[in-house]
Amino acid sequence: MKTHARVVVIGGGVVGVSTLYHLAKKGWGEDVVLVEKAELTSGSTWHAAGLLPLFNMSYSVGQIHKYSVKFYQQLEAETGQDVGFKQVGNIRLAMNQDRMDEYYQYAATARTIGVKTQFLTPAEVKELWPLCNTEGLVGALFHPEDGYIQPADLTQALAKGARTAGAKIYRKTMVKAIEQTNSGEWLVQTNKGDITCEHIVSATGNYARQTGAMVGLEIPVLPVQHQFIVTEPHPDVISRHEQGLPEMGVLREPDGSWYLREENRGFILGPYEKGAPCCYVDGPDENAEYELFQEDIERLEPHIEAAINRVPAFADCGVKQVYNGAIAYTPDGSPIIGPAVGLENFWLNEGHSFGITAAGGAGWQLAEWIVEGEPTIDMLGVDPRRFGDYVSKDYLIKKNEETYANVFVIHYPDEERPAARPLKTAPCYERLMKLGAVFGQKFGWERANWFATDGMAQEDHWSFRRSRWFAAIEKEVRHVTRHVGLLDMTPFAKCRLSGPGAEAFLNHLVANRLPEKMGQIALCHALNTRGGVQSEFTILRESADNYYLVSAAAWQRLDHDCLSKRMPKDGSVQFEHLTDELGVFVVAGPRSRELLQRVSSVDFSNPGFRWLSAQTIKIMGISVNAMRVNYVGELGWELHHPIDRQNELFDVLFTASEELNLKPFGIRAMDSMRLEKSYRMVGTELSIEYSAYESGMDRFIYLDKGDFLGRTALLASKEQDKNNILVTLEVLDTDDADALGNNALTIDGELIGRATSGGFGFRVDKSLAMGMVNPRFAKVGTELEIEILGKNYKAIVIPESPFDPDNERLRDIYDANKYTMRQTGKDMKTRDKERSSPHFSPD
Ligand SMILES: Cc1cc2nc3c(=O)[nH]c(=O)nc-3n(C[C@H](O)[C@H](O)[C@H](O)COP(=O)(O)OP(=O)(O)OC[C@H]3O[C@@H](n4cnc5c(N)ncnc54)[C@H](O)[C@@H]3O)c2cc1C
């Protein structure tokens, strides 16, 4: 056995072997090894049903699955090893309109990433699947390129390909301990001897938590039991084959929560049932191999009945075998692919519940990341750091069982699942609840999505279309823009960087100029080496050597991990994590100044408190860092305060507001308002797949300030034509639905871009979207079509920031006459139309 390698991959399931294969193919072949404690595929891989579902609502996972399905088809030709790939197609049945909406939304994403889909009528389903009873069907989604594969053969083919490229595989070699040496190298101790290496990839399936424990890492993976039934042959299936008819494709009835495919002239039925328990809660036995659990048919009964109703022939089949195996899960059901938090060169390819499907793409992207230093597709949806330290074992049990039971539920864009909640709450949670808050969850925190008032039921109403909360957020937006509103943004990621090296470090990290004066604020972006946007920080210079950084709640761990890992190792920069110590209230609206003036003696006037500046103020003895910025395009301040005094501050503000009429607003209102300002968001408009110039961030990039990460790529890209340009779109003639993001943008049927996000702008009274388009179609006035839930709507490229393009309101420099309309009692929409103005003019 080698004693040194560049990379050691731990785990010989399909995922580990695919990672090895892709590392080897990237030219590291002679220097990569894989260790497997038993035999290849002896974990979860051997018993998988081998289905390759392309369908996935996550952009990252969709890309990964797409790569796999294409790649597996070439693998056989490359390696000469049969992988048993049968491209029989996949039919997903719909029994209601919401399900069809889900398919339409998915199909648009699929189109933008180049996955073929087709919609079927019940009659067409019958043609493709004659044994299917089509009663009660609304329609179906068909993936012609989908199918299934033999997982063990696939793994062996990957192993063959890897070995041919020089990689070594050591079977019956168990990793017992892992240490990091003083030089930063890893020491992997196995039962067959030690290997030192630069990088480790953990691909240990159901053992993920044990492997993590070897290096002090909590990996948020816990398996759930999953069963499928294999039947004896059925005469109708035999007869079809005798007649030379094609194999019927994979059939999925999500509303009945099962999948079915042909297997040896019989069937495989796989239900995703409620009540399936987490397993290996304290880890599998270290010597477990090819392990199955006792079957529990009773749990499957409702799904077997549903399947019989849909495919009556299934009732005639004898059961040949039931497989009940462990399937790795994460709290959101997507795998964990990328760098481990806090550890250098320790990589995770874990938590795969559709690992046969994902292995190809997951291995490909992880190899890119390790060899090139970054992935090539947006991996936010699978980044290990999307979870925080709030994930305990108890949380995993609740969440993973919920996720498993919900595999086939309709994935509404505004869905918020209840298990393990509330977990983290800001002190004002109860107060907001009393005011009607309907909460969602982000990075473990409860956040008010919207407020139910005037007798509305205080519960969410998920839909792909405008639902009950639409009217509520309209009210919230109107209120903020007329009066003053408060948004609790305590979950914001917050930290302080300080020390003599802080300025130089940050200056090299971000593309914008750092604030020069104390108390100044700048919006700054950390890019990757290709010039794509990785993180967005609001940076306040507190003193010569102190910077306060605020970034998105969802990306706290990722942003802070990137900062910590890149900081100089000489101690010249210190990192202080502040998220849990400081609360944040956004106070926004034309009367926010009056409100703050009532509770603080500080001068909040324009000359006294400039836009993009901050001051430490006292409100009833509470020391508050007031930052004049906000994400909604109104006059406003963020009040960063000691979290233990949050409720005092809350009460002071509400008590002082009297006739100013302070009301809370939620995240969904904020999102509508940010869209009207064409404000970009990390994960949608800002992504590593688009250069910062393509995202239109020119005003935040200073090429002449000296070197910074991504500068070389941006310099080169300035001279080249851009592939995409971010545009703002007005969508015409919508009535009950707006773009949700990932919508196809077309001209004469030709795909010319994709929407990144969308929604309704209440201040401009328009349905809006932002999107990346081919630069030829980016000119203001260009007419194109946008697909929303299966229907094409006309859309027009409009100038950025449809609401208050000159930022007069947030800087509070507007001519009062321009915004004179006092409340007339008329509905705001009617008034806007009467004025036929492109801009809403609040009172
Ligand atoms: C019943 C069932 C049906 C399924 N059907 C499908 C399907 O149709 N389609 C699909 O895409 N997915 C399916 N899956 C999921 C799929 O099986 C898994 O996602 C996939 O096999 C995960 O592969 P892996 O390589 O991550 O893990 P594994 O295959 O479990 O491999 C991990 C390996 O790591 C090794 N290992 C662990 N610790 C150590 C150590 N310390 N030292 C050395 N080696 C170690 C283990 O021995 C094991 O071989 C199904 C799962 C189940 C249970």
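## Leu432 and its surroundings

Leaving aside its neighbours within four places in sequence, Leu432 is in contact (heavy atoms within 4.5 Å) with Ala437, Phe439, Phe451, Asp488, Phe650 and Pro664. Leu432 belongs to helix α11, where helices (H or I, at least four residues) and strands (E, at least two) are DSSP runs numbered from the N terminus. With a relative accessible area of 3%, Leu432 is buried, a term that stands for under 20% relative accessible area, with exposed meaning over 50% and partly exposed in between (1.4 Å probe, protein chains only). The C-alpha atoms of Leu432 and Ala448 are separated by 7.6 Å, although these residues are 16 residues apart along the chain.

The model is predicted, so that local features need pLDDT of at least 70 and side-chain atom pairs count only at pLDDT 80 or more, while totals for chains, interfaces and linings use all residues. Residues are numbered from 1 along each chain as its sequence is written, and side-chain values use heavy atoms, with hydrogens and water left out.

## Helix α2 against helix α5

Two packed helices are described by the angle between their axes and by the distance between the axes. Helix α2 (residues 59-79) packs on helix α5 (residues 151-164) at an angle of about 60 degrees, and their axes are 10 Å apart; axes here are lines fitted to C-alpha atoms, for helices over the stretch in contact, and angles run from 0 to 180 degrees between N-to-C directions. That angle makes α2 oblique to α5, given that angles under 35 degrees count as roughly parallel, over 145 as roughly antiparallel, 65 to 115 as roughly perpendicular and the rest as oblique. The crossing of the two, α2 and α5, is left-handed, which is the term used if the near helix is turned anticlockwise from the far one by less than a right angle, with right-handed used if clockwise.

On the α2 side the contact is made by Phe71, Tyr72, Leu75, Glu78 and Thr79, and on the α5 side by Leu154, Ala157, Leu158, Lys160 and Gly161. By class, the contact of α2 with α5 has six nonpolar, two polar and two charged residues, where Ala, Val, Leu, Ile, Met, Phe, Trp, Tyr, Cys and Pro count as nonpolar, Asp, Glu, Lys and Arg as charged, and the others, Gly among them, as polar.

## Nonpolar cores

A nonpolar core is a set of buried Ala, Val, Leu, Ile, Met, Phe, Trp, Tyr and Cys residues joined through side-chain atoms within 4.5 Å. The largest such core has 57 residues, of which Leu20, Val32, Tyr72, Leu75, Ile149, Leu154 and Leu158 touch the most other members. At least two residues of this core are supplied by each of β1 (4-10), α1 (14-28), β2 (32-35), α2, α3 (97-113), α5 and α9 (355-372).

Not counting residues up to four places away in sequence, Leu75 touches Tyr21, Gly80, Val83, Leu154, Ala157 and Leu158. A second, separate core of 51 residues includes Ile10, Val215, Leu217 and Val224.

The buried residues of α14 are Gln556, Leu558, Asp559, His560, Asp561, Cys562, Leu563 and Lys565, and what covers them includes β17 (336-339), β22 (493-498), α13 (502-509), β24 (533-543), β25 (546-551) and β26 (574-577).

Helix α15 (residues 592-599) and helix α16 (residues 646-657) pack at an angle of about 110 degrees, with their axes 9 Å apart, which makes α15 roughly perpendicular to α16. The crossing in which α15 passes α16 is right-handed, and the contact is made by Leu595, Leu596, Arg598 and Val599 of α15 together with Val652, Leu653, Ala656 and Ser657 of α16.

## Backbone and loop details

Most residues other than glycine have a negative phi, and most peptide bonds are trans. The peptide bond from Arg421 to Pro422, however, is cis, with omega near -10 degrees, and Pro422 is found in the loop between α10 (393-405) and α11 (429-434). Leu789, in the loop between β36 (783-788) and β37 (791-798), has a positive phi near 50 degrees and counts as buried at 7% relative accessibility. Asp812 also has a positive phi, of about 55 degrees, and counts as partly exposed at 22% relative accessibility.
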